[in-house]
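This report walks through selected features of one protein model.

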Amino acid sequence: MAMRDSTSDDRTPGAYAPPSRRRVLRLAGGGLALAALTAGTVGCDEDAVGVEEPGSAGGDEPKGAGKDSGDGGGAGKEGEAPEPLWTKPTSAETYGDNDELVAAGGVVIASGSPLAALDAATGGQKWSLPGGAVPGAPLLLSEDTLYLASSEYDGSVIGYAPASGKETWRSRLGKEYRQPRPIAVDEEQVYVIAEILEEDGSSRTNVIAALNSTTGRVAWKEQRDVGTEQNGIHAAVRGRHLVYTDFKKNLTVRDTASGGQVWTHKTTKTNYGFFTVHQDLIIVPQGNMLQAFNLADGKEKWSLEASDGALFREPAALEGVLYVADSARTMRAVDPSTGKQLWKSEALADAGLQVPRQYVKAGDTLYGATDLDKQGGIIAMDAGTGAVRWTFNDKTGDYHAWLVATDGKRVFALHGKKLHALPV
C-alpha cells in the first residue's frame with residue numbers, strides 16, 4: 001500500500017541484526033558532524049599530505065582465492081593481487097557511503113578537508129579546496145560537474161569542474177533554509193534536502209527542492225512531513241522520477257518536474273536505505289527478499305528469495321546486470337528486468353571472504369569493496385561466474401570501510417586515509 005513519508009521507526013522481526021557501534025557511527029556520522037557544527041563546534045582542518053607511501057598488495061591469500069582466477073582484474077601471478085600503480089595518503093574523512101570517492105575528468109577525489117583531486121595516472125595532486133567537503137554530504141557527480149554543499153555553511157550548493165577544480169555553478173535555496181545538501185542530479189536539475197529554520201533558529205522539518213543546473217534558480221520545493229530526517233538519504237533519478245530512502249525506512253518517489261509525491265512505501269526490513277535503479281525499476285533488499293518495484297506506480301514487478309534465511313545486502317546494477325550478495329556469502333548475478341538468476345556463486349564463502357558492500361565493474365571483472373574485516377578489502381571477481389580472482393588488502397587494520405571507484409583504466413581503493421590505484 002502506498003503511504004506518505006512516515007515518522008515511525010518500528011522494528012520488524014527478521015530484519016537485519018543491529019549494526020555494530022562503528023557502523024552506526026559511520027552511517028550517522030554526517031548528521032552528527034553537521035549537528036556539531038551547527039551547535040558551534042569547530043573542527044580542525046587536517047594538513048594536506050603529499051608524500052607517497054609504498055603500497056602493500058594483497059596480504060595473506062585467503063583460502064580458495066586463487067581458484068579459477070582467470071586472466072583478468074590486472075593480477076600478476078595467478079590468484080595474487082596486483083601491485084598498486086601508486087599509493088597516496090589523503091585527508092579523507094569518510095563514513096562509508098558509496099558517494100565519498102569519485103573518479104572523473106582524469107582525477108580521483110576522496111571526501112575530506114581539504115578536498116584534494118589526485119591525478120588518476122600518477123597520484124600527484126591536481127587541485128584542492130581548502131574548505132573541503134561537508135561531513136556526510138555526498139560528492140555528487142554529473143557528466144561534467146562535481147556538486148558540493150558549501151563548506152562555509154552559507155546555504156550554498158556549488159558546482160566545480162572535476163578536472164580543474166574551478167567553480168562553474170552556484171545556487172542558494174534561501175536564507176530560511178539551513179544545511180542544503182545535494183542528493184541527486186540529472187541533465188536539468190540538482191536535487192537537495194535542507195532544514196527549514198524556525199524563528200528561534202531550531203529546525204523540526206526539512207524541505208526537498210530542485211535547483212536548475214544552468215541558472216541555479218529554484219525549480220520547486222516541497223516540505224517533507226514532520227519527523228522525517230535529512231540524514232541517511234540515498235537517492236537516484238531516472239527520467240521523471242526522483243527516488244530516495246532515509247533512516248526512517250521510507251522509500252519515496254517524486255515527480256522531477258513538479259516535486260509532487262508519486263508514491264511512498266514503508267520498507268518492511270531495514271537495509272540502511274541502500275537500493276539500486278535499473279531502467280524503470282527500483283530494486284530494494286528487504287531481509288531475505290529482493291524486490292523490484294515499478295517507478296511509475298510502486299507495484300511489485302518481481303521478487304527473489306534468499307535461501308536458508310540469509311539476508312540480502314547492498315545491490316548494484318552495472319551494465320545491465322544486477323549483482324548482490326547475501327549474509328551467507330552467496331553471490332548472485334540477476335537479470336534486473338525480470339529477476340531471473342543468471343549465476344550463483346559460493347566463491348566468497350569458499351575463500352573465507354567478507355561480503356562486498358559496494359561494486360564497480362571494469363572489463364570482465366567485478367570489484368567489490370568490503371566493510372572492516374581483515375578478510376576483506378577489494379575483491380576482484382569474474383563478472384561472468386563470480387569466481388574470486390584476487391583480493392587486495394593494505395594490512396593497516398584501519399576500522400574504516402573500504403570504498404572503490406573506477407575510471408575504466410584503473411580501480412581506486414580508499415581505506416581510511418590511504419588511497420591506492422590498482423591496474424584493471
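Predicted model: local features only at pLDDT ≥ 70, side-chain atom pairs only at ≥ 80, totals over all residues.

## Strands, core and salt bridges

Valine 324 has arginine 332 in β24 as its bridge partner. Strand β23 (residues 321-325) and strand β24 (residues 331-334) are joined by four bridges in the antiparallel sense.

These two strands belong to an open sheet of four strands, ordered β22-β23-β24-β25 and paired antiparallel. The edges are taken by β22 (316-318) and β25 (341-345); each has a single partner strand, so one side of each has no neighbour in the sheet. From one strand to the next, the twist averages 20°.

The largest nonpolar core has 19 residues. Among those with the most contacts inside this core are Tyr323, Met331, Leu348 and Met381. Two or more residues each are given by β22, β23, β24, α2 (347-350) and β28 (378-382). Strand β23 supplies the largest share, three residues. Leucine 348 touches Met331, Met381 and Val388, and its other contacts beyond four places in sequence include Arg329, Leu353, Gln354, Pro356 and Ile379.

Elsewhere, threonine 245 lies in strand β15 (residues 241-245). Is threonine 245 buried or exposed? Its relative accessibility is 5%, and buried means under 20%, so threonine 245 counts as buried. Leaving aside residues up to four places away in sequence, threonine 245 touches Gly232, Ile233, His234, Asn250, Leu251, Gly273 and Phe275.

The salt bridges number 12. The table gives three of these pairs.

| Aspartate 119 | Lysine 126 | 3.9 Å |

Aspartate 119 is buried at 17% relative accessibility, whereas lysine 126 is partly exposed at 44%.

Aspartate 246 is in the loop between β15 and β16 (250-255) and arginine 224 in the loop between β13 and β14 (234-238), so the pair ties together parts 22 residues apart in sequence. Both aspartate 246 and arginine 224 are buried. Salt bridges with shared partners also join Asp154, Glu167 and Arg170 into one network.

Definitions and conventions. Residues numbered from 1 in each chain as written. Heavy atoms only, no water. Buried < 20%, exposed > 50% of the residue type's maximum accessible area, 1.4 Å probe, protein only. Contact = heavy atoms within 4.5 Å. Pairing = 2+ DSSP bridges. Axes fitted to C-alpha atoms, helices over the stretch in contact; angles between N-to-C directions. Core = buried A, V, L, I, M, F, W, Y, C linked by side-chain atoms within 4.5 Å. Salt bridge = Lys/Arg side-chain N within 4 Å of Asp/Glu carboxyl O.
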